[in-house]
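Dear colleague,

Please find below the structure that I am handing over to you. My findings follow it.

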Amino acid sequence: MREEISDMSEDDETGERARWAPDLSKNRSDDSDSGPGPPIGDSPPPFSDQILENVLENVLEFLTSRRDRNSASAVCRSWYRAEAQTRRELFIGNCYAVAPHRAVERFQSIKSVVLKGKPRFADFNLVPFGWGAHFEPWVKSFGAAYRHLERICLKRMSVTDKDLTIIAESFPLFKDLTLICCEGFSTFGLAVIAERCRHLRVLDLIEDYLEDEDDEVVDWISRFPETTTSLESLVFDCVSCPFNFDALERLVARSPSLQRLRVNHHVALEQLRRLMARAPQLTHLGTGTFRSGAGFGEVDPNLDLVSAFGASRSLVCLSGFREIEPEFLPAIYPICANLTSLNFSFANLTAEELNPVIRRCHNLQTFWVLDSVGDEGLQAVAETCRDLRELRVFPLDPSEDSDSSVSDIGLQFISEGCRKLRSILYFCQRMTNAAVVAMSKNCPDLVVFRLCIMGRHLPDRITGEPMDAGFRAIVMNCKKLTRLSVSGLLTDKAFEYIGCYGKLIRTLSVAFAGDSDGGLRYVLEGCTRLQKLEIRDSPFGDASLISGLPFYYNMRFLWMSSCNLSMRGCKEVARNKPNLVVEVIRDGVEEEEEEEIEAVEKLYLYRSLAGARTDAPAFVKIL
Amino acid sequence: MSVETERSSTESEVSGLDYEETALTLRLPGGTSRVAGSELDRKRGFSETVELGLGSGAPVGTRGVASTDDQSDESPESQASVAEKPPAPKARVVGWPPVRSFRKNVMKSCKLVKVAVDGAPYLRKVDLEAYTGYHQLLTALQEMFSCFTIRNYPDEERKLVDPVNGTEYVPTYEDKEGDWMLVGDVPWKMFVESCKRVRLMKSSEAVNLAPRAQQS
């Protein structure tokens, strides 16, 4: 589901420890237990086998799960071929793990591609600009090979207008472009897509970073075909420049299949009303702002807004609400009971302002909000939204020493009211072990637990103890937990617990935690399903890095920054593991430097069939 | 009574504008010279500001997606790897708390506009939300271009003067309707709301602007 890809960011189905894709080369170290795969280019099978393969292909068409397909392909040569013929979706969790031409050679009938690039810490400015993850080599390979490609979903890739042009030119059946946290393109590229992808159904731009065009903002909205379109989803709240509103209104009017529309902040309520009138069938609406366009004898928008929302009986998901003027909130009361997803995370609301809205949202399953609502606001959520599955509480003031109005008290409320909670992201300044323990007991279905105590090394605010006990309870009691982010004052003991109990954890995020190498060792040795490990500012050194050698082939990547690593340790890892790419990233380097600094500031290592990449900038040293 | 604002920055030669020094960049002037056209030069949108008072030397490598915190470019020492208890007040660290730039930018409600100066080949960007009034804005412009003195006329017209050749510049702006107006004519908040970009226009060319100009 689309929501799951964009929102439940890291929780995709990556292969488990034992499921490393079959290697296509003949000589290979056999760390992985999936065994060598068939070599490419062997002679075609005998006729009788071909019939069997045809039958097999018909069956395998129905196999959709990635994990199942990987398993099927490892059975034997025949199954390998049949699976390759019938795979329709290509998922590549790390664009540098395999070369484009290899993917294209193996899978010839792909219709949908999901491709991920930079490590997640790039979102927080830890990866210097220009690091890589260029879409270009991929789009060129796909363009040549996949005439029937319909869908491209990219996350944290660098995508240029030229790449978008290649998409528009290469895939006559193209339907769905989803770009999440990408950068490098501009409205020029969007215009090309709009104009030339005549069958476009989905154009979802989610938290991308568009290039500044100075004075050359292109009116891309006007470039959609003048005829009725097949658009189902148009999301562009991250496109920060103004756009042609009248053109959008006309576009919406001629897009009868449109279900999801999220506009940017250049839309005021008066305009929103007009859009809603054109598309009463919408299920997902991003309002852009939620304020009046201002003054000068306008008709009171409140009246029309009320009827606009009243007429939108299909709305289940609301977002936007930037620059919110709360006096207009009553307009959404009629549809609150229908909402399953509400994103107030850009709306600076108090508990009083939130209350009348949230009290009507009995069916809410996903709720994103700012900590401005305080513990009191969260209490209202807990008392009303009994069906809540996902909660994200973001900081209004995202700085370390800000005053956050949510604390352990709010977390306690939520744990008591929202027993079905599966996913939580909670920013706060003050937390107690007790509240975390309570959540672990009250919400046993938790799959994702991400707690961010913004002050570094903060202990339990009441007992003064480290937060070890709280996280211990989480990993012990939440038996379905696959993703964990820790914070607060944590000793090695916390990691001992995580390694001991966190057997299903696939993604672990660590910052400013731990005492010694032991901490990291516990995790590497204990978390057998670990795929993605990102660590910053923690005292883990070479010894702990080396202790993970047996496990790195079973992980997608390891990121360590501002830890205690040195070149000696990193080189040893690189030496020992030929199918690992070990990148040392240095800040402030423009040219090759003669002398090497021994301390490693940033390490990014990942398994790869492709070997060292050739597009690394000067500040990346591949060992 | 007009008060001459003392030039706060050191004298610089207006005519010999050091383009490299004043060109749009994310690091302090005087850093290592850029390779023209290199990837690392690409400017980022959004949260760029050109406040030069960053204090400590900014590591060049962190010029990526600029964090909106003006103290996010900090010296390497604050990224100390050992998890010792930092002294208060804490030096800010890159990327902590882990909130994406997109979100930070939205919450900061940036109102970035470009500022162009007649006769100069470069643009700057300023965040109008960062100022509380016209005087602050003009002071910032003055510091930014390092070469103007604010001269206040009795009727509250504001001009910026290039001290080297005496050219007067009038701050003007383009509003949402595309009209060019004099800066200072409307209440500050209205100005912030409607201003799309700012241009320091030579006085001699500013005669055709909004009526107010005729009143002097």
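Which residues of chain A does UniProt list for "domain: Transport inhibitor response"? The unreviewed entry gives residues 109-154 of chain A; UniProt positions follow the numbering used here, feature names are shortened, and annotations may be inferred rather than shown by experiment.

This is a predicted model, in which local features need pLDDT of at least 70, side-chain atom pairs count only at pLDDT 80 or more, and totals for chains, interfaces and linings use all residues. Residues are numbered from 1 along each chain as its sequence is written, chains are lettered from A and ligands numbered from 1 in the order in which they are written, and side-chain values use heavy atoms, with hydrogens and water left out.

The span 109-154 of chain A is 22% helix and 20% strand, and its end C-alpha atoms lie 19 Å apart. Helices (H or I, at least four residues) and strands (E, at least two) are DSSP runs, numbered from the N terminus.

In helix 21 (residues 567-576) of chain A, the buried residues include Met567(A), Cys570(A) and Val573(A), buried meaning under 20% relative accessible area with a 1.4 Å probe, protein chains only. The buried residues of helix 21 of chain A line one face of the helix, because they fall within an arc of 165 degrees seen down its axis; the arc is that of the directions from the helix axis to the C-beta atoms.

Chain B contains four helices and seven strands, in the order α-α-β-β-α-β-β-β-β-α-β from the N terminus. Of its 216 residues, 45% are buried.

Yours sincerely

Notes
Buried < 20%, exposed > 50% of the residue type's maximum accessible area, 1.4 Å probe, protein only.
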